[in-house]
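User: I'd like to learn how to read a few features in a structure file. Can you walk me through them?

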Amino acid sequence: MQTISSIKNSKIPLVMITAYDALFASLFDTKVDIILVGDSLNMSFNAKADTLSADMEIMLYHTKAVCAGAEETLIVCDMPFGTYTDENIALKNASRVYQETNAHAVKIEGGEERAHIIKTLTSNSIAVMGHIGLMPQFVRSEGGYKVRGKTPEDIEQLILDAKAIEKAGAFCMVIEGVKADAVARISNSVNIPTIGIGSGVDTDGQVLVWSDAFGFAKDFKPKFVKNYLNGAKLIEDATLKYANEVRNREFPSQKYTY
Ligand code: KIV
């Protein structure tokens, strides 16, 4: 596995995936560079419409589970909406992540406008992953999930965002939902690794939500998601097989009986 800071000059991109529980975290452990306990769990795990109602207790619960399952891989806990509205609130909540879980870092959405919050955390020895571009926690105030980097002005703003959070001490950053032809400029403007989602190939790494990547999110298929498994169909077929065998009294047969 690569060290995170070495990725910037490496030819091999960094791999991040989300996990929300110990079982899947143990399957992903050592096979990826970073496991993100994303607040995307609100949608992919809890069938909510967006990430906004995830709170500290939910994130701590799932982060503890992921830490129990993945012993080798770097684990990042997403700070949920409303938990880093000022420096003191952010420090109090991010400290809980270090005190109550074994996560190695927290993630915060925001560029220039929240760099002072990242600075407070990194000055207090809390490692921070930034997140710029499309920021799902601000979907309501932004009026929807909007692809970024479509105008020269927006690209300049994203470069300012990336530089501000690097200066604030973030060790890497997610760049989400940014036009692919703008991403190289943003990524090359900083010396810390960038991890893309829905932002093309010109970042230092990629992240996907596990249930998207493995085909469990049946009704969610944006262009940037590749299904590496037809998970939903596999589970549904296996469930029907199990149910049929029980109903037909095929299971448990002698082989499965003491
Ligand atoms: O919550 C999440 O899973 C994320 C990734 C999409 C980067 O923030």
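This is a predicted model: local features need pLDDT of at least 70, side-chain atom pairs count only at pLDDT 80 or more; totals for chains, interfaces and linings use all residues.

User: What does α3 reach from its first C-alpha to its last?

Analyst: Helix α3 covers residues 56–69, and its 14 residues reach 20 Å, close to the 20 Å expected at 1.5 Å a residue.

User: Which residues of α3 are buried, and what do they pack against?

Analyst: General idea first: an α-helix has 3.6 residues a turn, so residues three or four places apart point the same way. In this helix, the buried residues are Met56, Met59, Leu60, His62, Thr63, Val66, Cys67 and Gly69. Their packing partners are α1, β2, α2, β3 and α4.

User: How many disulfides does the structure hold?

Analyst: A disulfide is a covalent bond between the sulfur atoms of two cysteines. The structure holds 0 of them. For Cys67, the nearest cysteine sulfur is that of Cys77, 8.4 Å away. Cys67 counts as buried because its relative accessibility is 11%, under the 20% cut-off.

User: How is the protein divided into domains?

Analyst: Domain 1 is 2–227 and domain 2 is 231–258. Their C-alpha centres lie 39 Å apart, and the contact takes 4 residues from each domain. About 300 Å² is buried between them. On the domain 1 side, Gly215, Phe216 and Lys218 supply 89% of the buried area.

Conventions:
Residues are numbered from 1 along each chain as its sequence is written. Side-chain values use heavy atoms; hydrogens and water are left out. Helices (H or I, at least four residues) and strands (E, at least two) are DSSP runs, numbered from the N terminus. The expected span of a helix is 1.5 Å times one less than its number of residues. Buried means under 20% relative accessible area, exposed over 50%, partly exposed in between (1.4 Å probe, protein chains only). Contact means heavy atoms within 4.5 Å. A disulfide is a pair of cysteine sulfur atoms within 2.5 Å. Domain bounds come from an automatic or database domain assignment. Buried area is the accessible area (1.4 Å probe) that two parts lose on being put together, summed over both.
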